[in-house]
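I opened this entry to log what I looked up in the structure.

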Amino acid sequence: MDGITGALGWLTDPAHWQGPNGIPTRLVEHVELSALAIVVALAIAIPVAFYTGHTGRGGALAINVAGLGRAIPSYALLIVLFPLLGFGLITPLVALVLLSIPPILANTHVGLRGVDREVVEAARAMGMRESQVLTRVELPAALPVMMAGIRTASVAAVATATLAALIAGGGLGRFIVDGFALQDQAMLVSGAILVAVLAVVTERGFTFAERRLVSPGIRLAAGAEGAETAPTELARPEPVA
Amino acid sequence: MIRWDWIGDNLGVIGGSVVDHLVLTILAIVIGLVISFVAALVIRRRRILRGPITATFGVLYTIPSLALFAFLVPFTGLTLVTAEIGLISYTLLILTRNILAGLEGIPAEVREAADGMGYTGPQRLMGVELPLALPVIMTGMRVATVTIVGLVMVTAVIGEGGLGQLMLRGFNRQFPTMIYVGFVLTIVLALVLDLILVAIQRLLTPWSRRAAA
């Protein structure tokens with residue numbers, strides 16, 4: 001229990017809540033890096049997935065990119081990019097973007113493909129243009145699966161942003177890495193608590209946003225088939241045979 | 001860019017890292033499978049425990065690995081135990097979920113037929129339900145194994161890490177060759193373990209191969 005009481009003392013010390021190495025600064029660095037990576041990943045993955053999901057063309061590519069993304073560990077990607085990109089924000093940012101694209105791309109594609117073809121045909125028969133079919137019919141129906149992908153990517157981004165401290169980056173991971181280096185258990189455990197809380201808050205926040213954004217009718221249908229297993233089920237590797 | 005002579009001179013070090021990585025991974029998967037199996041059976045007995053158990057495993061899965069290892073250090077130190085507790089905790093959600101999904105996907109008629117043939121509970125589980133659930137369980141094993149191969153690297157911060165240790169040393173010494181060797185071998189290791197699991201699944205479920213042909 002020594003670690004916990006030490007951490008409580010550390011976390012409640014006002015000195016740790018100010019300055020360039022304070023908790024607020026590190027928290028902002030952490031959230032900035034993760035959010036920036038997700039925004040860039042969305043800007044890349046969503047247009048591609050809209051195309052493959054709406055037209056059905058290039059679907060295998062989208063799924064394979066996602067499968068490849070799973071096989072590359074975040075820690076390994078972060079360090080391997082370092083000799084190529086060097087110190088600074090760019091290395092963790094590129095790593096986070098590369099890791100965030102696969103779940104967003106795969107889930108958006110699979111969500112769009114999963115929309116009932118009869119519903120899409122009905123929308124066309126009602127005279128909707130292709131862009132209207134996508135934004136008014138397919139997108140709302142695909143939203144639960146799509147949001148699950150964005151949530152997975154965001155939680156992973158928060159986790160990987162922690163590892164950025166290993167290659168001299170900022171963020172809350174700094175407290176953990178420095179805690180190890182200085183053998184300061186209070187700082188170490190405090191960093192762990194802060195990172196864990198941020199990850200859980202991110203996960204809960206996106207789950208809440210999903211509930212608010214998804215139309216009630218679709219939520220009902222998704223709930224009936226057990227939406228809980230959806231994200232990992234979608235991301236699982238395709239059987240080789 | 002790559003110092004091939006270093007690789008040639010240090011095959012022992014590299015091989016040792018691969019073995020360490022493999023041992024850390026397999027230990028976590030095997031123990032994780034046993035715990036998940038027990039958890040799945042408990043959930044099937046007591047439905048009410050499903051929510052709390054999956055929620056607990058879900059939170060463990062959400063906590064970033066570096067934070068989880070850091071949190072354990074004051075209790076279990078810079079040891080293999082710390083590494084394994086962290087690694088095992090990441091297998092639980094994936095494995096439990098897939099074991100449950102596999103068991104629940106079995107048609108009720110199959111269960112009734114087994115009961116009708118006089119199978120006892122454990123006999124039905126081992127002889128009928130587990131074999132039928134195996135493809136879904138093996139899918140979970142594959143996802144868990146690839147995930148753990150990646151997470152083992154992070155245990156480099158607590159002095160383990162296998163190939164992650166090699167990469168971190170390469171970073172600290174500003175020696176890219178070590179980084180590239182670690183990177184490539186990790187991905188190869190993940191792919192090889194995945195292929196082995198596919199082969200095991202084919203061996204264990206010969207009937208699915210026949211059905212596909």
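**Chain A**

Reading along the sequence, I get the pattern α-α-α-α-α-α-α-α-α-α-α for chain A. That comes to eleven helices and zero strands in its secondary structure; helices (H or I, at least four residues) and strands (E, at least two) are DSSP runs, numbered from the N terminus. The model is predicted, with pLDDT of at least 70 needed for local features and 80 or more for side-chain atom pairs, while totals for chains, interfaces and linings use all residues. Residues are numbered from 1 along each chain as its sequence is written, and chains are lettered from A and ligands numbered from 1 in the order in which they are written.

I looked up burial next. Of the 241 residues in chain A, 46% are buried, where buried stands for 20 or more other C-beta atoms within 10 Å of the residue's own, exposed for 12 or fewer, and partly exposed for counts in between, with C-beta atoms placed from the backbone. Among contacts in chain A between residues at least 6 apart in sequence, I find that 75% join residues at least 24 apart; a contact needs C-beta atoms, placed from the backbone, within 7 Å.

**Chain B**

I list ten helices and zero strands for chain B. Its C-alpha atoms fill a box of roughly 65 × 45 × 20 Å along the principal axes. Buried residues are 44% of the 213 in chain B. For contacts in chain B with a separation of 6 or more, residues 24 or more positions apart account for 71%.

**Between the chains**

How many residues of chain A are in contact with chain B? I note 38 residues of chain A against 37 residues of chain B. On the side of chain A that touches chain B, H1 (2-12), H3 (59-71), H4 (74-85), H7 (130-163), H8 (173-182) and H9 (185-213) of chain A each supply at least two residues. H9(A) gives the most, with ten residues. That side of chain A divides into 25 nonpolar, nine polar and four charged residues; Ala, Val, Leu, Ile, Met, Phe, Trp, Tyr, Cys and Pro count as nonpolar, Asp, Glu, Lys and Arg as charged, and the others, Gly among them, as polar.

**Two helix pairs**

The axes of H4(A) and H5 (residues 90-113) of chain A come within 9 Å and cross at roughly 135°. Axes are lines fitted to C-alpha atoms, for helices over the stretch in contact, and angles run from 0 to 180 degrees between N-to-C directions. The angle makes H4(A) oblique to H5(A); under 35 degrees counts as roughly parallel, over 145 as roughly antiparallel, 65 to 115 as roughly perpendicular and the rest as oblique.

For H8(A) and H9(A), I have axes within 7 Å and a crossing at roughly 155°. That makes H8(A) roughly antiparallel to H9(A). Their contact divides into eight nonpolar residues, five polar and one charged.

**Core**

I checked the largest nonpolar core, which has 127 residues; A:Ile79, A:Ile176 and B:Met167 are among those that touch the most other members. Such a core is a set of buried Ala, Val, Leu, Ile, Met, Phe, Trp, Tyr and Cys residues joined through C-beta atoms within 7 Å. H7(A) contributes the largest share of this core, 15 residues. Leaving out residues up to four places away in sequence, A:Ile79 touches A:Ile167, B:Met167, B:Phe171 and B:Ile179.

Technical notes. Contact = placed C-beta atoms within 7 Å.
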